[in-house]
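The tour below moves from one selection to the next and says what is found at each stop.

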Amino acid sequence: MLFDNNRRIYSAEDSQAVFPIGGIGTGTISMNSRGRLQDFEIFNKPDKGNEQPYTFFAIRSEDESGKHSAKVLEAELRQPYEHSHGFHAWNFSGAPRFRDSKFKVEYPIANLKLEEEDYPLEVSLEAFSPFVPLNSNESGIPAIYFTWKVKNISNSKQKVCIALSAANLAGWTGRRDVFSKALYEDGSINELYNEDDFTSILMYNENIPDTSTDYTEMGIAVIPSEQQNVQSKELWQEGQWWDGMQDFWNDFSESGVLRNSKDLVDEATSVHHSPFTIGSLSLDSELEPGESSEFKFIYTWYHPNRSRSWPQNNQHRDSAKDGEDAVVKNYYAQWGKPKELLRYLTDKFTYYREIAQEFAETWYSSNVPEPILDAVATNLTTIRSQTCFRVENGNFYAWEGNFDFEGSCPGNCTHVWNYAQSLAYFFPDLERSMRETEYFTELRTNGKMNFRAITYLDGFSDDYHPASDGQLGSAVRVYREWKISGDNKWLEGIWPELKRSIEFAKTTWDLDGDGILEAMQHNTYDIEFYGVSTLANSIWITALAALAEMADFLGEPDYANWARETERNVSKYLDENCFNGEYYIQNIDDIDKHKYQYGNGCLADQLLGVTWAKQLGLKISLKEENIKSAVYSIYKNNLIDELRKVDNLQRGYAFNDESGLVLCAWPKGGKPRIPFVYSDEVWPGVEYSVASLLISCGYINEAVDLIEKLRARFNGKNRNPWNEMECGHHYARSLASFGPYQEYIGLKLDLVNETIKLRPQNLGKYFVLARDAWGIVDVESLGENLTYQIDSKYGDLSKYKFEFE
């Protein structure tokens with residue numbers, strides 16, 4: 001792994017560097033550091049390792065003397081080469097490729113450069129799916145733009161042809177035979193369409209009804225320039241064995257011509273019949289020495305129907321539904337079928353490309369340490385992974401993460417999504433959707449909130465313990481969504497339900513009415529804490545501070561006074577009874593009465609609620625010196641420089657000489673015989689939350705050090721940089737990564753008062769976004785002679801009032 005202008009660059013050797021490309025709720029197709037397309041996860045569920053046959057780009061060049069070559073537009077395969085039957089033909093593994101590659105992502109754009117000595121062309125790729133921060137609709141389009149950039153670096157004129165070949169996935173059954181060959185239903189059709197400004201091949205299956213959850217359409221297209229010619233091979237001659245690939249390669253490599261011929265002899269005795277339906281489109285151009293050209297392609301898909309159930313694999317579903325109730329449409333189906341969508345995407349190519357480039361340039365120009373920028377950008381992929389989806393009414397739903405072939409832990413889990421900050425700022429309408437589900441669908445009449453929102457899809461509600469951290473955290477997030485949106489009507493609508501949930505909290509977790517929560521507290525560690533834990537109580541005091549502000553606004557002074565008085569009392573208790581002089585501990589009479597407690601331990605989440613209070617500018621009464629001491633203690637005690645020093649008998653996320661922040665340490669001894677079940681684990685989302693609090697307390701170098709060590713674990717060799725896993729791939733908790741960015745620039749949104757507050761660490765440029773606008777704020781001087789410039793890239797940031805602390 002290399003760095004270029006603080007951007008990570010991966011080589012073909014970095015086999016774990018795999019970047020998922022797709023929209024919110026659309027599924028993704030991933031590209032690895034060699035340029036190979038893999039993990040076709042576009043069928044409403046995770047599908048790691050789902051490679052589809054003969055889907056690739058190829059290039060042919062020919063100079064004036066007639067010397068020519070053809071290559072697959074990927075770097076050569078890397079070890080290991082071990083497979084029971086070698087590489088299957090549909091992997092075309094023996095076809096010529098480039099010696100090496102350099103792969104860099106400036107979110108949302110993947111940049112690939114292919115390298116070959118003595119090759120006459122300089123070849124690079126730009127690939128992205130439309131991404132428009134603050135516009136969830138336009139960021140939820142099921143399509144990928146591929147733009148190949150070719151420069152002639154030889155002394156001879158070069159004829160250049162680039163082709164995209166793609167399998168028709170409309171008949172994909174989700175099954176494979178004993179040879180791991182993908183199996184398809186009969187009836188797949190490819191149809192060629194020529195428009196004035198683009199050419200496409202539309203793919204569907206005539207035997208699968210459009211009401212089926214197996215129904216799929218897809219399309220590929222080319223957008224030629226005036227100097228380019230289009231060729232097409234609507235349907236490969238794919239009758240037997242790997243005849244189709246051989247036929248395609250014969251024509252392409254020898255002449256660069258795509259023929260729609262059907263002249264192969266059919267051998268009736270052949271033992272292998274190919275089920276694949278493949279089509280190809282190409283663009284060709286002539287380049288003078290030193291001349292460059294772009295070759296533009298689009299790949300889109302349409303899999304509109306999902307089972308009305310959280311699990312999408314039949315064997316995992318909890319309930320069977322019949323008829324119309326069995327299916328719910330994906331929200332992205334509003335974009336229409338590939339024929340209509342390709343027309344739109346062709347027209348919008350320049351717009352979406354420019355806005356993607358604007359965001360990348362704006363984001364990475366921010367005067368913020370590279371590890372912080374990297375952490376936020378890489379984890380934005382989670383929002384557009386199979387972790388998240390939207391249904392036809394626009395509701396946003398999310399798993400905690402993904403297993404390889406199914407979602408992991410359903411229902412917008414409140415105690416996990418608590419940590420997430422990126423979604424609330426980049427796509428605030430989707431976060432509000434989750435709050436509305438929590439309070440209008442999952443809140444029972446007694447005020448208990450189901451921490452898994454499964455009712456809409458599964459038809460029944462979750463009946464487990466209420467999650468203390470999740471339910472109280474949702475109250476804080478109502479405040480956050482109100483401030484970010486400035487939507488007072490929204491707050492008024494949700495306020496009665498919020499108060500009902502708070503009454504439940506008071507009567508359920510406060511045993512004696514003194515305001516301090518000490519009853520059984522189910523939490524994000526999937527166990528229960530007893531006694532006074534500052535995990536729940538720090539969230540509680542932050543929720544009380546938020547409630548007071550909301551009550552003031554809504555004209556309920558008595559409620560506001562109760563909330564403030566309770567917050568002061570609880571904070572005083574925590575400082576006097578839980579702070580041990582260095583950090584906050586669990587105040588429990590008998591640590592052995594219940595399993596899975598932490599007692600005198602230094603819990604990484606001991607001040608989780610305080611982290612949010614700092615991010616939102618809420619005033620709480622905990623002693624500031626205690627907060628600073630506690631967060632530094634977490635950094636000092638829980639950040640392990642070599643994890644081989646920890647006897648971790650739980651799940652393993654980091655190893656050997658890697659560094660990481662364990663969830664709990666016992667620097668003063670007293671570790672229970674059976675500690676809580678995840679105590680020795682390393683969770684990136686918790687590391688980001690701690691880093692955020694470190695920054696807000698002035699420990700900036702320590703925060704950057706923590707994030708740098710975290711991101712070093714995801715280096716493209718050990719792990720995928722765009723997949724911070726916990727209980728599943730693309731885990732939602734890592735969306736806490738925006739917190740350190742917020743705190744570094746002091747970003748606080750108060751759009752109720754149309755105000756953006758900033759507290760930048762230095763002069764320079766900073767990415768800022770707010771409700772309907774984003775861009776750069778260039779701080780030229782601070783203090784009494786404050787000067788700054790606003791450069792809006794989307795919407796108008798200048799309409800807001802800016803305050804600098």
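Two strands are taken to pair here if DSSP finds at least two bridges between them. Please bear in mind throughout that this is a predicted model.

**The whole chain**

Begin by colouring the three domains separately: domain 1 covers residues 10-354, domain 2 covers 366-741 and domain 3 covers 746-804.

**The five-stranded sheet**

Now select strands S7, S6, S12, S19 and S18, which in that order make up an open sheet of five strands with antiparallel pairing. At its edges are strand S7 (68-72) and strand S18 (229-233), each of which pairs on one side only. As you look along the sheet, the twist from one strand to the next averages 15°.

Which residue is the bridge partner of Asp63 in S12? Showing the side chains here picks out Gln158 as that partner.

Most residues other than glycine have a negative phi, and most peptide bonds are trans. With that in mind, select Gln79 and Pro80, whose peptide bond is cis, with omega near 5°; Pro80 lies in the loop between S7 and strand S8 (100-106). Further along, the peptide bond from Tyr107 to Pro108 is also cis, with omega near 10°, and Pro108 is placed in the loop between S8 and strand S9 (109-115).

Move on to Asp118, found in the loop between S9 and strand S10 (121-128). Is the phi of Asp118 positive or negative? The value is near 60°, which is positive in a residue other than glycine.

**The largest pocket**

Switch to a surface view and centre on Asn32, Arg36, Gln38, Glu51 and His83, which lie nearest the centre of the largest pocket, among the 40 residues that line this pocket. The elements that give two or more residues to its lining are strand S3 (18-21), strand S4 (28-32) and strand S5 (37-41). The pocket has a volume of about 930 Å³.

If you colour the lining of the largest pocket by residue class, it divides into 10 nonpolar, 20 polar and 10 charged residues. Colouring by domain instead shows that the lining draws at least three residues from each of domain 1 (10-354) and domain 2 (366-741).

**Val646 and its contacts**

In the loop between strand S30 (639-640) and strand S31 (660-661), select Val646. Leaving aside neighbours within four places in sequence, Val646 is in contact with Ile640, Val662 and Asp680. For a sense of scale, draw a distance from Val646 to Ser307: these two residues are 339 apart in sequence and 43 Å apart in space, C-alpha to C-alpha.

Return to the domain colouring and look at where domain 2 meets domain 3: 19 residues of domain 2 are in contact with 16 residues of domain 3. The centres of these two domains, taken over C-alpha atoms, are separated by 27 Å.

For the last stop, select S33, S34 and S38, three strands that form an open sheet in that order, with mixed pairing. Strand S33 (748-750) and strand S38 (801-804) stand at the edges with a single partner strand each, so one side of each is left without a neighbour in the sheet. The twist in this sheet averages 20° from one strand to the next.

Finally, zoom in on S33 and strand S34 (residues 755-758), which run antiparallel and are joined by three bridges. Which residue in S34 does Lys748 stand opposite? The facing residue is Lys757.

How values were computed:
Residues are numbered from 1 along each chain as its sequence is written. This is a predicted model: local features need pLDDT of at least 70, side-chain atom pairs count only at pLDDT 80 or more; totals for chains, interfaces and linings use all residues. Side-chain values use heavy atoms; hydrogens and water are left out. Helices (H or I, at least four residues) and strands (E, at least two) are DSSP runs, numbered from the N terminus. Axes are lines fitted to C-alpha atoms, for helices over the stretch in contact, and angles run from 0 to 180 degrees between N-to-C directions. On a 1 Å grid over the protein atoms alone, a cavity is a set of points where a 1.4 Å probe fits but cannot get out, and a pocket is an open set with protein on both sides within 12 Å along at least five of seven lines; lining residues have an atom within 4 Å of a point. Grid points are joined across faces, edges and corners, and a volume is the space filled by probe spheres set on the points. Ala, Val, Leu, Ile, Met, Phe, Trp, Tyr, Cys and Pro count as nonpolar, Asp, Glu, Lys and Arg as charged, and the others, Gly among them, as polar. Domain bounds come from an automatic or database domain assignment. Contact means heavy atoms within 4.5 Å.
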